[in-house]
Amino acid sequence: MSATADHAEERTNPAARLGFQPGQVVQEIGYDDDVDQELREAIEEAIEGDLMDEDFDDVADAVVLWFRDDDGDLTDALVDATTYIEEGGAILLLTPKTGRSGYVEPSDISEAATTAGLTASKSVSVGKDWSGSRLATPKAAKSKR
């Protein structure tokens, strides 16, 4: 595959745009009937493996957190998610888009991320119903400089 084809895939595959790579262990939290199955499949394709469920009891390279406004306290969910990832890992916070049931205000995401000690490094549309925010742990944020 040429470099051009690789860049084309990054533009069309949201999982590649979000930095998922082969061999990563990715834990999924908050799965329900409303999640974007195409995104899940794209992530599994990018990591060349299955997403680990909430019962996974080892350390992951990243966490995919599906969160809706009525799921409880976002700060608590983010703090809990950080306990599952390697130092320097990332959390992909997925929330319903504006106008969808369960929509979470960007200011609430920003405040919860800051309180949980995370840095928002990138937001991206990941499907017709979901937006994603890539949140980095402090070590990951520092290594980007």
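**View 1. D71, with a relative accessible area of 38%, is partly exposed, and its side chain forms a salt bridge with R68.** The model shown here and in the other views is predicted, so that local features need pLDDT of at least 70 and side-chain atom pairs count only at pLDDT 80 or more, whereas totals for chains, interfaces and linings use all residues. Residues are numbered from 1 along each chain as its sequence is written, and side-chain values use heavy atoms, with hydrogens and water left out. Buried stands for under 20% relative accessible area, exposed for over 50% and partly exposed for what lies in between, computed with a 1.4 Å probe on protein chains only. By this scale R68, at 7% relative accessibility, counts as buried. The closest N and O atoms of R68 and D71 are 2.9 Å apart, and a network of salt bridges links D34, R68 and D71. A salt bridge is a side-chain nitrogen of Lys or Arg within 4 Å of a carboxyl oxygen of Asp or Glu, and the whole structure holds 5 of them.

**View 2. E28 and R40 are joined by a salt bridge between their side chains, at 2.7 Å from N to O.** Because E28 lies in strand β1 and R40 in helix α3, the pair ties together parts that are 12 residues apart in sequence; helices (H or I, at least four residues) and strands (E, at least two) are DSSP runs, numbered from the N terminus. Both E28 and R40 are buried.

**View 3. Helix α3 has a buried side and, turned away from it, a face that carries the exposed residues E38, E41 and E45.** The buried residues of α3 are L39, R40, A42, I43, A46 and I47. They lie on the same side of α3 because they cover an arc of only 160 degrees around the axis, the arc being that of the directions from the helix axis to the C-beta atoms. Their cover includes α2 (14-17), β1 (26-29), β2 and β3. At the start of the helix, a side-chain oxygen of D36 comes to within 3.0 Å of the backbone nitrogen of E38, and α3 is followed by E48, which has a positive phi near 55 degrees.

**View 4. The largest nonpolar core has 19 residues, and F20, I43, V64 and L94 have the most contacts inside it.** Such a core is a set of buried Ala, Val, Leu, Ile, Met, Phe, Trp, Tyr and Cys residues joined through side-chain atoms within 4.5 Å. At least two residues of this core come from each of α3 (37-47), β2 (60-66) and β3 (85-96), and α3 gives the most, with 5 residues. Apart from this core lies another, of 18 residues, including A77, I91, V104 and A113. With neighbours within four places in sequence left aside, V64 is in contact (heavy atoms within 4.5 Å) with F20, V26, Q27, E28, I29, I43, L92 and L94.

**View 5. The structure holds 1 aromatic pair, made by W66 and W130.** The ring centres lie 4.8 Å apart with the planes at 80 degrees, so the pair of W66 and W130 is edge-to-face; rings of Phe, Tyr and Trp (its six-membered ring) pair if their centres lie within 6.5 Å, and planes under 30 degrees apart count as stacked, over 60 as edge-to-face and the rest as tilted. W66 and W130 are both buried.

Key: A polar contact is a pair of N or O atoms within 3.5 Å; within protein, one must be able to donate a hydrogen and the other to accept it, and residues adjacent in sequence count only if both atoms are side-chain atoms.
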